[in-house]
Amino acid sequence: CGLSKLRVEWEPPVDQNGVISQYEVYYKGTEFDVDLHAVNVSGTQSVTLTGLEEYVVYDVRVRAYTSKGPGPFSAMNSVRTIAAPAEPPSNISIVNVSSTGVILTWSIPAPKDINGIFVGTHIRFFCQDFYNNSCHCKERWNFRSYGHVLVQNATTLTLANLTSYDFYEIQFLTVT
């Protein structure tokens with residue numbers, strides 16, 4: 001997993017109790033982080049928090065400082081960082097069952113490699129003519145020789161009604 005970031009923006013408090021000298025932004029990951037982090041910000045009402053874990057909920061609060069000390073905290077805001085692309089499916093097997101059909105099987109990535117909530121496996125397939133860099137079956141099959149499907153709750157799929165004896169490119173993608 002890579003690292004993520006959050007941009008935090010706020011308005012000054014209504015009751016400022018003096019001239020604001022700085023803001024303090026507190027944040028904590030809710031799923032793993034035991035430490036409370038703080039960032040001091042001067043001269044602006046925004047900050048980008050970096051080095052955060054992907055697809056983790058962070059609680060964020062802000063408070064202003066004047067010469068009289070800190071003001072009250074803002075309301076708690078919770079936000080989830082964006083997930084990185086998931087690892088692709090593995091252990092892919094493509095078995096011809098006829099001149100017009102194949103059975104596809106695969107393994108979904110381990111939970112630690114999904115980076116979010118697993119939705120399914122997106123499978124795309126395209127007819128490929130390696131000799132002419134085109135697909136003559138598109139005209140014959142009225143563009144039915146390529147397509148895509150989202151497979152949920154399964155790790156096998158049968159593709160049928162393909163054009164006989166043509167080459168196909170098949171792509172497997174993990175969807176979160």
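Is Tyr58 buried or exposed? That was my opening question for this notebook, and I kept in mind that the model is predicted.

**Entry 1: Tyr58 and its partner**

I looked up the accessibility of Tyr58 and found 3% relative accessibility, so Tyr58 counts as buried. Next I searched the whole structure for aromatic pairs, and the search returned four. One of them joins Tyr27 and Tyr58, with 6.5 Å from centre to centre and 55° between the planes, a tilted arrangement. I then checked where the two residues sit: Tyr27 belongs to strand β2 (residues 22–29) and Tyr58 to strand β5 (residues 57–66). They are 31 residues apart, and the pair links distant parts of the chain. I also looked up Tyr27, which has 11% relative accessibility and counts as buried.

**Entry 2: Backbone angles**

Asn91 lies in strand β8 (residues 90–98). Its relative accessible area is 59%, so Asn91 is exposed.

Where is Asn153 placed? I traced it to the loop between β11 (147–151) and β12 (156–159). Phi of Asn153 is positive too, near 60°. With a relative accessible area of 83%, Asn153 is exposed.

My notes now hold a tilted pair of tyrosines, Tyr27 and Tyr58. Tyr27 is buried, and Tyr58 is buried as well. Asn91 is exposed, and so is Asn153.

Note on methods: Residues are numbered from 1 along each chain as its sequence is written. This is a predicted model: local features need pLDDT of at least 70, side-chain atom pairs count only at pLDDT 80 or more; totals for chains, interfaces and linings use all residues. Side-chain values use heavy atoms; hydrogens and water are left out. Helices (H or I, at least four residues) and strands (E, at least two) are DSSP runs, numbered from the N terminus. Buried means under 20% relative accessible area, exposed over 50%, partly exposed in between (1.4 Å probe, protein chains only). Rings of Phe, Tyr and Trp (its six-membered ring) pair if their centres lie within 6.5 Å; planes under 30 degrees apart count as stacked, over 60 as edge-to-face and the rest as tilted.
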